[in-house]
Amino acid sequence: MQVHARVFWLPKTGNTAEEYEDAFYPSRDGDYGGTQLRFAVADGASEGMLSGQWANILVRAYCRAVNTSQMPDLLARALPSWRDWKQHYLDLRARQDRPVQWFEEPGLEKGAFSTLLGLTLHDGETPGWDATALGDSCLFQVRADELVAALPIDDAEAFGSRPFLIASNPARNNGLLERVHYAAGEWQPGDRFYLMTDALAHWFVRELEAGAAPWEALHAAEGPEAFDAWTAALKRDRQIRNDDITLLCLEVAEDAP
């Protein structure tokens, strides 16, 4: 199985790249081969502290798993990584004579929050995929210019300001496992998968509901400069809100499997 991956990302207008709090993995464009390939995007929530780093840890924990995509196993890998990273962050602040201030302590105690969407492609007699999703980051599968799958949200009205989130503080994950969306399907050579965070996903679903084929606009905007200009026009026309934007485009090679 060979998959070509391209990623596009932008911080919220007015923010710097350092303030971007979405995450994606793999971290570069390229051709990826194997019998099992994993891809993920996540959206760090602004109501948490250091949520961008937590989102980064989640996408890596998902993509580096070997045998399972289940949320309990993912958390078992992600939470120790978060604790190690947080301790390193606190030590670095202390060495730089910038210790954590009293007003930051509640935020650190509360923790970081993020959505997650992970996709695993499997090769074999019946090529298939499975996905794990929590929150409003979305996956769309397109074959021969037709939508095959959309998850976990396929209704534009279902995008809200308070999506379900994964917390870095386990005490805030009560009821999390009941909210995880698992799905599975089959893929064929030439299929395209689009993984995206909520601002772009909301626009994509609205376009679907209007009878459009939004993947055509994504194809037309391929290339960093074209993508920047296209999303800027969408924001100017109030078709998407001003938020971090992440799009991971995957195309299964025509000669696979």
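**Entry 1: the Asp97 loop**

I started at Asp97, which sits in the loop between helix H2 (71-95) and helix H3 (105-110). Helices here are DSSP runs of H or I with at least four residues, strands are runs of E with at least two, and both are numbered from the N terminus. Before going on, I noted that this is a predicted model, where local features need pLDDT of at least 70, side-chain atom pairs count only at pLDDT 80 or more, and totals for chains, interfaces and linings use all residues. Residues are numbered from 1 along each chain as its sequence is written, and side-chain values use heavy atoms, with hydrogens and water left out.

Most residues other than glycine have a negative phi, and most peptide bonds are trans. Is Asp97 buried or exposed? I got a relative accessible area of 68% for Asp97, so I put it down as exposed. The cut-offs are under 20% for buried, over 50% for exposed and in between for partly exposed, with a 1.4 Å probe and protein chains only.

**Entry 2: Arg238**

I then looked up Arg238, another residue other than glycine with a positive phi, near 60°. Arg238 lies in the loop between helix H7 (224-236) and strand S13 (245-252). Its relative accessibility is 76%, so Arg238 is exposed.

**Entry 3: cis peptide bonds**

Next I checked omega. The bond from Tyr25 to Pro26 is cis, with omega near 5°, and Pro26 belongs to the loop between strand S2 (22-25) and strand S3 (30-33). The bond from Leu151 to Pro152 is cis too, with omega near -5°. I found Pro152 in the loop between strand S9 (146-151) and strand S10 (166-167).

**Entry 4: cysteines**

How many disulfides does the structure hold? I found zero, taking a disulfide as a pair of cysteine sulfur atoms within 2.5 Å. For Cys63 the closest cysteine sulfur is in Cys249, 16 Å away, so the gap is too far for a bond. Cys138 is in no disulfide either, and its nearest cysteine sulfur, that of Cys249, is 14 Å off. Cys63 is buried at 13% relative accessible area, and Cys138 is buried at 0%.

**Entry 5: His4**

I moved to His4 in strand S1 (residues 2-10), which is partly exposed at 35% relative accessibility. Which residues does His4 touch, leaving aside its neighbours within four places in sequence? My list reads Gly30, Asp31, Cys249, Leu250 and Glu251, with contact meaning heavy atoms within 4.5 Å. I also took the C-alpha separation of His4 and Gly33, which is 8.9 Å for two residues 29 apart along the chain.

**Entry 6: the whole chain**

Last, I stepped back. The chain has seven helices and 13 strands, and its C-alpha trace spans about 55 × 45 × 35 Å along the principal axes. Its radius of gyration is 18 Å, which agrees with the value near 18 Å for a compact globule of 257 residues; I took the radius over C-alpha atoms, and the globule rule is 2.2 Å times the number of residues to the power 0.38. Buried residues make up 50% of the 257. Among contacts between residues at least 6 apart in sequence, 73% join residues at least 24 apart.
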